[in-house]
Structure formats: C-alpha cells, structure tokens
There are 2 protein chains.
Amino acid sequence: MPEWPSRLQWGVSEDELVAALARIFGQRAPTSGAVQLGIGDDAAVLAPSAASAVLSVDAAIEGVHFRFEYASPEQLGARAFRAAASDLAAMGATPTAALISLALPPSRREVILSLAEGLADAAHACDCPVIGGNVSRASEVSIHTTVMGAHPPSRPLLTRAGARVDDGVWVTGTLGAAALGLAAIQQGRESEDEFARFVQRWREGRAQLALGRELLGVATACLDVSDGLLRDARRMAIASGVTLAIDADALPLEPAHHRGAERLALDPLALALSGGEDYELLFTAPASFSPPWATRIGAVHASTNAPLEVRLAGALLPLEHLGHDHFG
Amino acid sequence: MPEWPSRLQWGVSEDELVAALARIFGQRAPTSGAVQLGIGDDAAVLAPSAASAVLSVDAAIEGVHFRFEYASPEQLGARAFRAAASDLAAMGATPTAALISLALPPSRREVILSLAEGLADAAHACDCPVIGGNVSRASEVSIHTTVMGAHPPSRPLLTRAGARVDDGVWVTGTLGAAALGLAAIQQGRESEDEFARFVQRWREGRAQLALGRELLGVATACLDVSDGLLRDARRMAIASGVTLAIDADALPLEPAHHRGAERLALDPLALALSGGEDYELLFTAPASFSPPWATRIGAVHASTNAPLEVRLAGALLPLEHLGHDHFG
C-alpha cells in the first residue's frame, strides 16, 4: 500500500479524538428539541423551522488571526466562536446551531481539547448547540466555524445595503480597544494593569447578539466592525450606494485609550479608525432612533466620489495616511 | 501600528478577491427562490422550509487529502465539494446550499479562482447554490465545505445506527478503485491507459446522491465509504450494536482491479478492504430489498466480540494484517 493520506496520524486514533470532541460538545448541548440528530453520524439534522435560516462561516488561523502566546487555548476557542457569531449579530439573527471544522498538526494535539472546551462554552452561552464538525491533520491550527441562526420571517432582513440619506451613523461599544490590547500583548506588556481591560477585549472577542436583535426593524443597515471602522464603513457605503460622513471627534473610546496608545507608541486615532476585531455593530438608522447603548458618529449623505468622508475638528482627514489604503 | 494580522496580504485586496469569488459562485447560483440573501453580506439567508435541515462539514487539506500534482485545481475543487456532499448522500438528503471557507498562502493565489470554478461547477451540478464563504491567508491550501440538505419530514432518518440482525449488507459501485488511481498518480503512471479509469475515479470523487435518496425508508443503516470499507463498516457495526459479517469474495471490483494492483505492486484485497475515498454507499437492508444497482457483500449478525468478521474463501481474515488496526 502507498503511504495513505490518513486524516490524522498521531497517538490517538481519529475515532477516539472525534469521540472526545463529541463528548465535549455534547455535554453542553444535549440532543433535544430542534436537534433531531447531533454529532456522531454522517450529518446532523435539525427539525423544520418557521424562521428563515441565517448562515455564515468564519475562520481563525494560527499565525494569521492568533498565536498561542496571545491567550489560553480556551480563550482562543471561545473568541473564534464569537467572531463567527458576530456575523449573525450583524444580521439581528439568533444563533441556533454550529458546525466546527478543526485542523491541526499532531504536535498541537495537547491543545485541541482545550480549544474545543472554549468553543463549546462560548456556543453554550448563546444557546447554540455544536451539532457537527470535522477534524483533520494540517501544518497549522485552524478553526472554521459555520453558524446558523434564525430570522423571524415577520421582520425585514437587516443587511449592510440599506443605509439611507439623512440616517444617523452609529456604533456600539468602543473602537480600537481590541487592537490596543493585541498590541500590548505583542509588546509583552499584557500584565500591566493599565492594559488589562484592552487585553481582555482582544482575548474575549465579542458578539453583540442582543443589540443586533434590538436593531431588527429599526436600523436601515448594519455590519460588525471586524476589519476596522474605515474598512467596514466603506463596505457599508458601497453596498448602500451612499457616502458615510464620519466625525472622528465623536468616536467612542475607552477612557484610558489615549494614554494606553501613547504608552505603546501607537497613534490613538489610527487605532480607533483602523484597528480590527472590535466586533461592535456599525449601523444606520432614521434620526428618530437614538438608543442609549450606542454612539452617533456621523450621518449618511448622498453618494459623492468617495464612499467615506472622515472629519477631525471639521477638517477632512486624508485617509491614505491612516492605514486605510493599506487594507485595500 | 503593529503588524496587523490582515486576513490576506498579497497583490489583490481581500475585497477584490471576495468579489471575484462571489462572481464565480453567483453566476452559477443566482439568488432566487429559497435563497433570500446570497453572497456579499455578513451572512446568507434561506427561506423557511418544510423539510428538516441536514448539515455536515468536510475539509480538504493540501498535503493531507490532496497535492496539486495529483489533479487540476478545478478537479480538486470539484472533488472537495463532492466529498462534502457525499455525507448528505449517506443520509438520503438532497443538497440545498453550501458555504465554503478557503484558506491559502499568497504564493498559491493563482489557483484559488480555478479551485472555486471547480467547486462551483460541482455544486451547480447538484442544484446546490454556494451562498456564503470566507477567504483567509494560511500556510497551506485548505477547503472547508459546509453543506446543507433537505430531508423530507415524512420519512424516517437514515443513519449509521439502524442495522438489524439478518439484514443484508450492501455497497454501491466498486471498492478500492480511487485508492488504486491515487497510487498510479503517486507512482507517476497516471498516463498509462490501463489506469485511466482508476485515475479518473480518484480525480473526480463522487457523491451518490440519487442512490442515497433511493434508500430513504428502505435501508436500515447507511454511511459513505470514505476511509476504507473495513474502517467504515466497523463504525456502522459499533453504532448499530451488531456484527457485520463481510464476504471478501463478494466485494465489487473494477474488471481491471487485480491486474492494475499487481502492476503497481499493491495487494488487490487490501486496496478493496482498506483503500479510501471511494465515496460509495455502504448500507444494510431487509432481505426483501435487492436493488440491481448495488452488491450484497454480507449479512448482519447479533453482536459478538468483534464488530467485523471478514471471510475469504470461508476462512476468517486476520484484520490487523490488512491495515485495519493502523487506522484505529
């Protein structure tokens, strides 16, 4: 026989590993109700639902999205799940089930069960059973998470394409905090008290599911800020065929943002505009909507040559100096 | 700013690449009918369905499941899709939608659109729109395919756990052909005429969707043979709590199987019993069911110490000599 490309080649067999993973996911998500068949067969089965099904897939890849020095395996698993669930939050959907495709080298076999514990905990916290998955050998660790959610058919869909002229532009939470936390970790300063809150923001990730549901039927457009405000706001503007005018003085920042950025020799404004992985919701809504749990950062204008206009103290900012072009 | 872990770092921007992929998948699967929202937003949306939803995820990883020397990128993409769809075939489900998470190094950027063309063609051939996906940088190419299918709620589920004593054991198609084809490729003999059919079997992959549907309500258990007959039959036996007695003399083989195996210095029986990636359906059914499109290879017995008993010319085969223990 030729050397056969077995799916896994290490101490425990694939079946044993799959059984251990099935226990971890199954303990927190017993088969019941909507789940007609859970982990363990060729596929899982969900009962018919009166809701529309909302589906997204997200990847977390070692060396690209995370390193094992940055957080515990449990934290890395949990934040991978939340990053995937954040796409459902941006649609106002409620997670109903997840499938997880894990790939990893045999040398990392000690972390897979811890990653799975973190994934399972985060999924359980959203009442989202992990109903299936796959495990493969690979040269680096990666986690590909498919999340399925429910959208009530009586409500209009919440997409990134509905922003209307004269709408307000809003964002939940604070911006740039996760990027600042990651920089603190990368500079070896994660144990300093003044960075604790930022480090926690990066390590935990976030999925604003409850706030996303509040936006259904109210907001005109929404997406989650995963690649930095400028980049994601530009996507919303292009999808909606409008220009988003952002007031950089209005951006919501953590109280210690400026001081923290300066200590790390980073530009506080660039962090807020271009830092990634905040997983807050950027949305547009009619002027009549003014929620206390979000910050108004601008307005929707009729489309001009530029999808984005960002002003600081009234003056237009040259976006190419803020890392925007760097991301494409 | 620290070096930011951008999702992709190469010539074209991520947005341009995503747009190119969306065109490839969208051309073959226009948004209509059940697809309320396709590729391009934070998530896709499917209309409510009266059918149960059948869900599975499968991975194809460079260096583990394939090498680019083994086939064209289009073929590799298509077989990755079919391998995922094969899990739905084993449930008797009809594919309804797919999401694809692609990861690849910048040095492979020339193949991603060809991989996507192959994936899209294979999905289109199953009337299965690709409604979402993700693209990430990674150090090797991997394709993680989530497939969703429909199960008619009036029919019982078709799982691997329902085999009953005195049922017949059946398999569709032929066994060991894909493994023989892969061996021919690995030995550099793929252009020889006598291996053409085997090489094609490996390169195309397979998803026996129509035959799977024929089994709904008739077969008692089913799975797809992806890791070799012995390994997969053992899984069915354990899940069902029975012993599967297999007659090795009855295994369906390609007419040129023995000759081809000998030319490659391989054991023809080991190929048939342990060769992987045939993607045929192994199923059990009452004695009254005798379809012309499958081969009866054994019977279901009450559980003994061994989940599997394989006989050749009436004598029990020692399975540890056939690679079975090697796989777990």
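Predicted model: local features only at pLDDT ≥ 70, side-chain atom pairs only at ≥ 80, totals over all residues.
1. Residues are numbered from 1 along each chain as its sequence is written, and chains are lettered from A, with ligands numbered from 1, in the order in which they are written.

2. The same surface serves both copies, since 100% of the contact residues of chain B recur in chain A.

3. Each chain brings 69 residues to the contact between chain A and chain B, where two residues are in contact if their C-beta atoms, placed from the backbone, lie within 7 Å. On the side of chain B that touches chain A, the largest share, 9 residues, comes from strand β3 (residues 52-61) of chain B; helices (H or I, at least four residues) and strands (E, at least two) are DSSP runs, numbered from the N terminus. That side of chain B divides into 35 nonpolar, 23 polar and 11 charged residues, with Ala, Val, Leu, Ile, Met, Phe, Trp, Tyr, Cys and Pro counted as nonpolar, Asp, Glu, Lys and Arg as charged, and the others, Gly among them, as polar.

4. Strand pairing also crosses between the chains: strand β3 (residues 52-61) of chain A and strand β2 (residues 44-46) of chain B run antiparallel and are joined by 3 bridges, pairing being assigned if DSSP finds at least two bridges between two strands. Within this pair, L55(A) has A44(B) as its bridge partner.

5. The domain assignment of chain A, which is automatic or taken from a database, gives domain 1 (14-151) and domain 2 (168-327). Their C-alpha centres lie 27 Å apart, and 17 residues of domain 1 of chain A are in contact with 18 residues of domain 2 of chain A. Helix α2 (residues 73-89) of chain A supplies 10 residues, the largest share of the side of domain 1 that touches domain 2, and by class this side has 10 nonpolar, 4 polar and 3 charged residues.

6. In chain A, 7 strands form an open sheet of mixed pairing, in the order β8-β10-β7-β11-β9-β12-β13, and its edge strands, each pairing on one side only, are β8 (221-225) and β13 (315-316). Strand β9 (residues 242-247) and strand β11 (residues 294-302) of chain A pair in the antiparallel sense over 5 bridges, with A245(A) opposite A299(A).

7. Helix α4 (residues 177-186) of chain B is mostly covered, 9 of its 10 residues being buried, that is, having 20 or more other C-beta atoms within 10 Å of their own, against 12 or fewer for exposed residues and partly exposed in between, with C-beta atoms placed from the backbone. The cover over the buried residues of this helix includes α5 (196-204), α8 (257-263) and α9 (268-274) of chain B. Just after α4(B), G188(B) takes a positive phi of about 75 degrees.
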